[in-house]
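Look over the sequence and the 3D structure below before reading on.

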Amino acid sequence: MANVETEERQENLEEWFELFSGLPLRHSEREARLINFCEKNRVSIMSVMPWIASEFAEHGGFSGLFHFIHLHGGRKIYMPKEAEKFHQIYGINIPQNKYNRIYKKIDSSGYLDTPSNWGVFIAIRRAAMQVAMKEDIPAKLLTQNYKGNVYIDACESADNTEDLLSFAETFYLDFHADHQTSKVLGITGVSQGMIPLPDDSKWIEVDPELS
């Protein structure tokens, strides 16, 4: 019995650590595990997510939520007056009486702001930390296994020359010794508009040790 409990505890640890490591790819095995984790801890997850994300997860499940934010996250979406029309456009089936509450939040042009996929993931990761601590996982152990990347959104942050390292490369040299599982990414050229999401091709991983 003790061995079973130990194995289950180890599986839970690995699951939590994987959640802290970054956004999963769409339709990947890791996304499936993330969905399963969210469904198992539904109350804890939904209590910390942006309100509209919680509404969509309640009626479309976490699979439906992730599909929605992958396509529309971080943008303004048009909100038709009828819930059935919303279902046809966005694939989330919300009862009309519940939809009416959401519809009241639209702006004067009939649009609603939605959270980014990164914002939703950060909320899930925060809830996962809370779940882990309720299971008496030591905070020190959680932080030791935490892995995150650094994204530097500044003009020419990844541009270098034969004589000079880029800003991102300089940062990497100071940062990487203590965070060897983390990556440092920057952009080339001019930074403009909204900060790209972590999976955007604009991000360039830097590693002057391999240059």
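Among contacts in the chain between residues at least 6 apart in sequence, what percentage join residues at least 24 apart? The share is 62%.

This is a predicted model, and the confidence of the prediction comes next. The chain has an average pLDDT of 83, and 83% of the residues score at least 70. Residues 1-7 have a pLDDT below 50, and this stretch makes zero contacts in the model beyond near neighbours in sequence. Where pLDDT is low, the predicted coordinates should not be read in detail.

The secondary structure consists of nine helices and five strands. Starting at the N terminus, the order of the elements is α-α-α-α-β-α-α-β-α-α-β-α-β-β.

Of the 211 residues in the chain, 37% are buried. The chain exposes about 12800 Å², and carbon and sulfur atoms supply 51% of this area.

Rolling a probe the size of a water molecule over the atoms shows where empty space is left. The second largest pocket has a volume of about 410 Å³. Its lining is made up of 20 residues; Met194, Ile195, Pro196, Leu197 and Asp200 are the ones nearest the centre of the pocket. The table sorts the lining of this pocket by class.

| Class of lining residue | Number in the second largest pocket |
|---|---|
| Nonpolar | seven residues |
| Polar | eight residues |

How values were computed: Residues numbered from 1 in each chain as written. Predicted model: local features only at pLDDT ≥ 70, side-chain atom pairs only at ≥ 80, totals over all residues. Heavy atoms only, no water. pLDDT = per-residue confidence, 0-100. Contact = heavy atoms within 4.5 Å. Helix = DSSP H or I, 4+ residues; strand = E, 2+ residues; numbered from the N terminus. Buried < 20%, exposed > 50% of the residue type's maximum accessible area, 1.4 Å probe, protein only. Areas by Shrake-Rupley, 256 points an atom, 1.4 Å probe, with all protein chains shown as cover. 1 Å grid on protein atoms, 1.4 Å probe; cavity = no way out; pocket = protein on both sides within 12 Å on 5 of 7 lines; lining within 4 Å. Points joined across faces, edges and corners; volume = space filled by probe spheres on them. Nonpolar A, V, L, I, M, F, W, Y, C, P; charged D, E, K, R; others polar.
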